[in-house]
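Let's take a friendly walk through this model, one element at a time. Have the structure open as you read.

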Amino acid sequence: MNLVDSPAWRALAAHAEAIRPQHLRELFAADVDRFSHFSRAQDGLLLDFSKQRITAETLALLHALAEAADLKGWQQKMLAGEPINHTENRAVRHMALRADKQEPPEVRAVLERMQQFCEEVHSGKWRGFAGEHITDIVNIGIGGSDLGPRMAVRALAAQQQPDLKVHFIANVDGADIAPLLAQLNPRTTLFIIASKTFTTLETLTNARTARTWLLASAGRESAVAQHFVAISTNLELTEQFGIPAANVFEFWDWVGGRFSLWSAIGLALALAIGWRQFKQLLAGARAMDKHFIEASPADNLPLTLALLTLWNTDFLGASTAAVLPYSQSLSLLPAYLQQLEMESNGKQVDRDGDPVGTATCPVLWGEAGTNGQHSFYQLFHQGGRIIPCDFLALREADFPLPGHHISLLANCLAQSAALAFGQTADEVRAAKVPEALVPYKIFPGNQPSSTLVLPALNPYTLGQLLALYEHKVFCLGVLWNLNSFDQWGVELGKQLASRLTPLLAGEGDDASFDASTRGLIAALTNS
């Protein structure tokens with residue numbers, strides 16, 4: 001049976017018609033204990049979803065849908081290592097990367113090698129070709145090999161090693177790598193090349209540029225082994241590059257790129273914050289894994305986030321969602337979640353190869369507060385679109401300065417309240433606003449939002465946070481009957497780019513391309 005034809009879906013659709021006209025003002029007025037009814041605490045985290053446009057009946061119907069979708073059954077399939085990534089016949093085992101005593105032997109072996117490598121760099125045992133300590137790490141990757149560690153290094157800036165700087169290069173545009181290399185010393189710079197196949201166009205282009213830059217200073221090929229390590233499964237190509245097998249860190253096809261921060265892909269982060277802190281990141285994620293597997297549906301934070309997203313997208317008509325961290329350190333979280341959620345669930349074909357029949361992943365975006373308040377929040381308040389928001393707040397600041405954090409939190413709470421309750425014409429008039437301005441001062445409100453409060457931002461809580469969103473993605477995939485772990489949508493562009501590269505270099509025949517592409521090739525290559 002198609003998802004939208006199921007009894008559980010039809011019951012939700014009928015309920016949505018009844019609840020859609022209700023305003024959050026009415027919902028709060030009808031339930032003085034609404035916050036306690038629609039909030040959950042777990043291991044220091046607090047999720048307040050009382051400002052979502054739901055009732056107890058909404059939640060009951062959503063949980064009935066999750067039960068009909070056999071969420072528990074799919075959890076067990078993932079845990080058992082069944083190939084739930086069915087289009088690539090792969091298991092989905094990223095939780096095994098942080099399983100501690102239950103981790104597979106191959107995972108433990110790589111973690112031990114990562115620890116040894118970090119200790120050698122931090123102690124000064126690992127040195128460059130001129131015998132100097134390493135002062136700068138450059139991670140060269142793209143997508144899941146870049147976004148996760150880049151975001152986490154920024155997030156945990158307060159915990160970073162004082163004598164080591166970590167940088168990231170992803171874009172094939174020379175404007176990304178050239179200015180960075182101009183700042184660095186080749187004698188004290190170490191590169192991490194993160195590419196599972198060691199064939200990723202953008203990553204290898206940047207890696208070769210870095211290699212040429214190093215050799216121009218070192219003057220000998222053997223220096224590559226002292227300044228480059230790789231995260232890859234292709235030992236033949238890494239050796240051809242000049243990286244010995246001893247400097248290659250393995251990861252596996254059961255680790256999707258956007259779920260790989262916990263693997264050797266997190267090496268740049270481990271170097272940035274130290275091994276003990278990296279282990280705390282894994283511990284936080286492991287604690288969230290345990291919660292996700294063991295908690296009841298009513299108390300399950302990832303499932304709750306997933307159900308709210310489905311409700312807002314498929315029954316209230318939201319096509320977009322905003323992630324709004326009131327933490328400058330989490331400023332890259334929206335970009336990280338864009339890949340995690342949209343690459344996973346931005347699909348319209350279900351597991352049976354049929355159309356899903358409904359909207360799936362919303363367009364995700366966001367910005368750190370309070371910056372966003374001075375750009376796009378105007379649209380939230382008076383733009384006439386429903387845009388669900390996830391606010392994130394820290395109880396304690398990671399960079400405490402007098403007066404700053406209180407102001408930040410006040411803005412976070414003010415925005416979520418203003419979006420929920422708005423401002424009526426009568427309230428505007430009561431403030432003695434001139435009548436001609438009254439229409440411009442009305443705020444409709446009724447924008448749904450959730451607020452997630454972290455006690456502090458540290459490796460443990462960051463691990464909790466990222467695993468929370470990973471499991472949310474899994475739940476949504478089950479609910480929409482999608483394979484969240486393939487990404488065929490990125491392949492076609494890669495194939496076309498490989499065919500276009502020689503044409504832009506003036507080689508080959510462009511006859512197989514459309515008129516627009518041929519015209520653009522001519523415009524870009526003719527002086």
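Which residue of β5 does Ile140 stand opposite? Ile140 faces Ile193. This is a predicted model, in which local features need pLDDT of at least 70, side-chain atom pairs count only at pLDDT 80 or more, and totals for chains, interfaces and linings use all residues. Residues are numbered from 1 along each chain as its sequence is written, and side-chain values use heavy atoms, leaving out hydrogens and water.

Strand β5 spans residues 189-194; strands (E, at least two residues) and helices (H or I, at least four) are DSSP runs numbered from the N terminus. β5 pairs with strand β3 (residues 136-140) in the parallel sense over five bridges, where pairing requires that DSSP finds at least two bridges between the strands. β5 also pairs in the parallel sense with strand β6 (residues 228-231), over four bridges, and there Ala194 has Ile231 as its bridge partner.

Six of the six residues of β5 are buried, so this strand is largely enclosed by the rest of the structure. Buried means under 20% relative accessible area (1.4 Å probe, protein chains only), exposed over 50%, and partly exposed in between. One side of β5 carries Thr189, Phe191 and Ile193, the other Leu190, Ile192 and Ala194, and both faces are covered.

Now turn to strand β11 (residues 449-454), where Ser449 lies. Ser449 is buried, with a relative accessible area of 1%. Leaving aside residues up to four places away in sequence, Ser449 touches Asp48, Phe49, Lys51, Gln52, Cys389, Phe391 and Ser416, a contact being heavy atoms within 4.5 Å.
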